[in-house]
Amino acid sequence: MGFFTDAYDLFCISLVTKLLGRIYYHELGDAKPGTLPPNVAAAVTGVAFCGTLAGQLFFGWLGDKMGRKKVYGMTLMTMVICSIASGLSFGSDRKAVMATICFFRFWLGFGIGGDYPLSATIMSEYANKKTRGAFIAAVFAMQGFGILAGGVFAIIVSAAYKAKYPAPSYEQNAFASTVPQADHVWRIIVMFGAVPALLTYYWRMKMPETARYTALVAHNAKKAAADMSKVLQVDLTAKEQQKDEEVEGSKKNKLFGLFSKEFLRRHGLHLLGTTSTWFLLDIAFYSQNLFQKDIFSAVGWIPPAKTMNAIEEVYKIAKAQTLIATFSTVPGYWCTVLLIDIIGRFAIQLMGFFFMTVFMFALAIPYNHWLHGNHIGFVIIYSLTFFFANFGPNATTFVVPAEIFPARLRSTCHGISAAAGKAGAIVGAFGFLYAAQSTDKTKTDKGYPPGIGVKNSLIMLGVVNFLGMLFTFLVPESKGRSLEEMSGENEEEGNVGDAKTAPV
């Protein structure tokens with residue numbers, strides 16, 4: 001449920017940004033509904049990613065220092081508190097409301113950031129090598145249901161308010177098209193993210209620490225055996241450790257650290273591969289996800305804003321997002337779960353980047369053809385880019401960093417890789433907002449400078465996907481191999497003592 005909540009919280013904001021513009025930035029006499037100014041829109045959309053990046057680095061490091069379980073509860077409570085608080089306001093004027101949203105969404109993102117390295121690391125350390133990929137991918141696949149739930153919940157809330165408080169379209173009556181109760185809609189949608197997080201807290205606190213962390217990092221084999229006995233519901237005993245203290249002291253002196261030459265030699269290219277592919281993926285993935293409403297408006301799948309009232313626009317945007325999630329996002333995730341331990345991580349990631357490149361160019365090059373009445377074809381191809389993002393690098397970039405690094409650095413390295421991804425998401429969130437504006441100044445959204453247009457923006461995303469395909473060759477295949485084989489930990493331990501962890 002952690003990633004269900006993460007995805008809901010990160011993507012629900014895209015459902016309500018246009019509503020926020022109508023409520024707080026409407027100007028009397030304007031021919032079009034109010035929209036968030038460029039700097040405000042960028043902050044509201046992207047600030048959570050800034051928090052996520054910081055949280056991934058901090059909690060990833062903390063998870064290797066304090067243990068996975070202790071830090072796991074901290075991240076969840078941060079998410080619960082900040083989800084609720086981001087729907088509240090320090091005042092009623094627009095500056096106060098936007099400042100409140102941005103402040104609490106940053107810290108919401110900070111909590112979400114901790115979920116990435118910890119969830120992946122915990123699942124990789126519990127799973128066996130035959131089904132490990134499917135288990136880690138299944139954790140991440142809940143992101144698809146979180147995106148879907150966001151759309152469905154927004155449909156329910158907006159439909160209920162639309163029926164209860166009918167209003168004319170903006171072109172019929174600009175002022176009356178945004179009823180006062182519309183202010184409740186965005187707050188309910190944003191705050192609902194606290195519910196699944198709160199429901200998860202008890203079960204997280206009942207989980208024992210992972211046996212691999214306890215044995216390989218904390219060097220307490222007896223505690224590791226006791227914890228595994230609880231999980232597997234069988235009696236396990238730790239092997240006798242005759243030279244426990246000498247071995248532990250020797251390990252501390254000889255095992256390499258993150259900033260050592262030995263780490264660079266063994267895992268430097270691996271870390272470059274996981275960070276670069278996640279960075280490039282998230283530029284494209286988050287650009288598509290956060291601004292699909294703008295793309296659908298540009299090709300005419302969502303009616304012009306002036307032909308709808310404020311709540312109706314939320315309903316239409318949520319409906320479009322729900323359709324995309326149902327028929328492309330969710331199936332893509334679960335195809336990865338089913339096939340990742342059969343065809344491998346490398347093949348899925350390479351295939352995903354390849355088809356994302358092909359379909360992005362298929363949208364961009366004949367863009368004028370799609371613009372003039374061929375909306376269904378555009379939406380189908382656009383959906384396929386989502387399908388192959390999720391049956392591809394969006395899942396594998398999450399899985400692989402949890403498998404290929406040593407236990408004492410696993411959470412940290414996953415956090416670094418995920419933070420690189422969120423740096424890409426920030427580039428996508430801030431960059432696409434400006435780049436997708438029309439080259440004609442008279443056709444840009446209010447307050448925006450001319451951009452390069454949607455067509456050229458899609459071409460750029462296609463190039464980004466192609467680069468992701470090339471950097472995939474730096475990432476090793478981990479299918480069917482134990483964590484100790486991938487990280488070389490047994491070889492390290494063999495140099496400092498006789499104790500080894502059996503590959504699982």
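The protein chain has a mean pLDDT of 80, and 82% of its residues reach 70 or more. Among the elements of the chain, the highest mean pLDDT, 93, belongs to helix H7 (residues 182-191), and the lowest, 45, to helix H11 (residues 244-254). The pLDDT is below 50 over residues 240-253, a stretch with eight contacts in the model beyond near neighbours in sequence. Residues 493-504 also stay under 50 in pLDDT. For residues 493-504 the model has 27 contacts beyond four places in sequence. Where pLDDT is low, the predicted coordinates should not be read in detail.

Helix H6 covers residues 132-164 and has 33 residues. At 1.5 Å a residue, H6 should span 48 Å, and the 49 Å between its end C-alpha atoms agrees with this.

The largest nonpolar core of the model holds 71 residues. Within this core, the residues that touch the most other members are Leu10, Tyr116, Phe285, Tyr286, Phe398 and Leu458. Beyond its neighbours within four places in sequence, tyrosine 116 is in contact with residues including Leu10, Tyr286 and Phe398. The contacts of tyrosine 116 also include Thr52, Gln56, Gln143, His414 and Lys422, as well as Phe140. Another core, of 39 residues, lies apart from the largest one; Cys12, Leu20, Ala41 and Met308 are among its members.

Two arginines were examined for burial and polar contacts. Arginine 22 lies in helix H2 (residues 13-24). Its relative accessibility is 3%, so arginine 22 counts as buried, the cut-off being under 20%. A polar atom of the arginine 22 side chain lies 2.7 Å from the backbone oxygen of alanine 305 and a polar atom of that side chain lies 3.3 Å from the backbone oxygen of methionine 308. Not counting residues up to four places away in sequence, arginine 22 touches Ala305 and Met308, and its other contacts include Pro33, Gly34, Tyr170, Asn309 and Glu313.

Arginine 410 is placed in helix H19 (residues 407-435). Arginine 410 counts as buried because its relative accessibility is 0%. The side chain of arginine 410 has a polar atom 3.1 Å from the backbone oxygen of phenylalanine 405.

Terms used: Residues are numbered from 1 along each chain as its sequence is written. Side-chain values use heavy atoms; hydrogens and water are left out. pLDDT is the predictor's confidence in each residue, from 0 to 100. Helices (H or I, at least four residues) and strands (E, at least two) are DSSP runs, numbered from the N terminus. Contact means heavy atoms within 4.5 Å. Buried means under 20% relative accessible area, exposed over 50%, partly exposed in between (1.4 Å probe, protein chains only). A polar contact is a pair of N or O atoms within 3.5 Å; within protein, one must be able to donate a hydrogen and the other to accept it, and residues adjacent in sequence count only if both atoms are side-chain atoms. The expected span of a helix is 1.5 Å times one less than its number of residues. A nonpolar core is a set of buried Ala, Val, Leu, Ile, Met, Phe, Trp, Tyr and Cys residues joined through side-chain atoms within 4.5 Å.
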